[in-house]
Amino acid sequence: QSSGASFDSGTVGSFVYTNWSGNMGCGAGGYPYCGPQDSYADPWNLYNRECVSYAAWRIDSLGHKVQSFQGDGMAYQWGQGAARGAWRVSDPQRGDAVVLPAMSGFAPVGHLMVVESVSGDWVHVSQYNFYGTGEYSTMDIQKSGVIFLRFPSK
């Protein structure tokens, strides 16, 4: 499944990442829902310190409207329509959601990230819970192997 994967970079299927920052703890990046992981639901009805909770909060903080998920918030579900009100785009920009589809052994329920900046075929993202730690991190990803979703402005 995974070729050349290490903690800070790797290729898994068509997903390529590099420059992983390492875990920076809960609260890094400004995320406010730092109780014990999965101990309560955030305002979008997503469990705290999960990638989906961080993504909803960050996208909202960047001025986009993210509707409540009411229990349908697994990362893979965002690309399948659970992210009501969002639409797929091929030209990522700051504030878009990045959906990594479910991948056995690497991201069994998918993974969610948020676009912070774009440079050519590379996208700098912020995220929570990469490697399952419930913590904030950043990295660069290639545009291939992921789905980009844009939410309407508030």
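The structure is a predicted model, in which local features need pLDDT of at least 70 and side-chain atom pairs count only at pLDDT 80 or more, while totals for chains, interfaces and linings use all residues. Residues are numbered from 1 along each chain as its sequence is written, and side-chain values use heavy atoms, with hydrogens and water left out.

Five salt bridges were counted, a salt bridge being a side-chain nitrogen of Lys or Arg within 4 Å of a carboxyl oxygen of Asp or Glu. One of them joins arginine 94 to glutamate 116, with the closest N and O atoms 3.7 Å apart. This pair links distant parts of the chain, since arginine 94 is in the loop between strand S4 (87-89) and S5 whereas glutamate 116 is in strand S6, 22 residues apart; helices (H or I, at least four residues) and strands (E, at least two) are DSSP runs, numbered from the N terminus. Glutamate 116, with a relative accessible area of 15%, is buried. Through shared partners, salt bridges join Arg58, Arg94 and Glu116 into one network. Within it, arginine 58 forms a salt bridge with glutamate 116 in which the closest N and O atoms are 2.8 Å apart. Because arginine 58 lies in helix H1 and glutamate 116 in strand S6, this pair ties together parts that are 58 residues apart in sequence. A further salt bridge brings together the side chains of lysine 154 and aspartate 60 (3.0 Å, N to O). Here lysine 154 belongs to the segment after S9 and aspartate 60 to helix H1, so that the pair ties together parts that are 94 residues apart in sequence; lysine 154 counts as exposed, at 63% relative accessibility.

The largest nonpolar core has 25 residues, of which Trp44, Ile59, Trp78 and Leu112 touch the most other members; a nonpolar core is a set of buried Ala, Val, Leu, Ile, Met, Phe, Trp, Tyr and Cys residues joined through side-chain atoms within 4.5 Å. Two or more residues of this core come from each of helix H1 (51-61), helix H2 (75-82), S5, S6 and strand S9 (147-150), and H1 gives the most, with seven residues.

One disulfide was counted, a disulfide being a pair of cysteine sulfur atoms within 2.5 Å. The bond joins cysteine 26 to cysteine 34, with an S to S distance of 2.1 Å, and the link is left-handed, with -95° about the S-S bond. Cysteine 51 is in no disulfide, the nearest cysteine sulfur being that of cysteine 26, 14 Å away. Cysteine 51 counts as buried, at 8% relative accessibility, whereas cysteine 26 counts as partly exposed at 27% and cysteine 34 as partly exposed at 31%.

Strand S2 (residues 10-12) and strand S3 (residues 15-18) pair in the antiparallel sense over three bridges, two strands being paired if DSSP finds at least two bridges between them. Glycine 10 stands opposite tyrosine 17 in S3. The two strands, S2 and S3, form a hairpin with two residues between them, and glycine 13 in the turn has a positive phi of about 60°. S3 also pairs in the antiparallel sense with strand S8 (residues 136-142), over two bridges, with threonine 18 opposite aspartate 140 in S8.

Conventions. Buried < 20%, exposed > 50% of the residue type's maximum accessible area, 1.4 Å probe, protein only.
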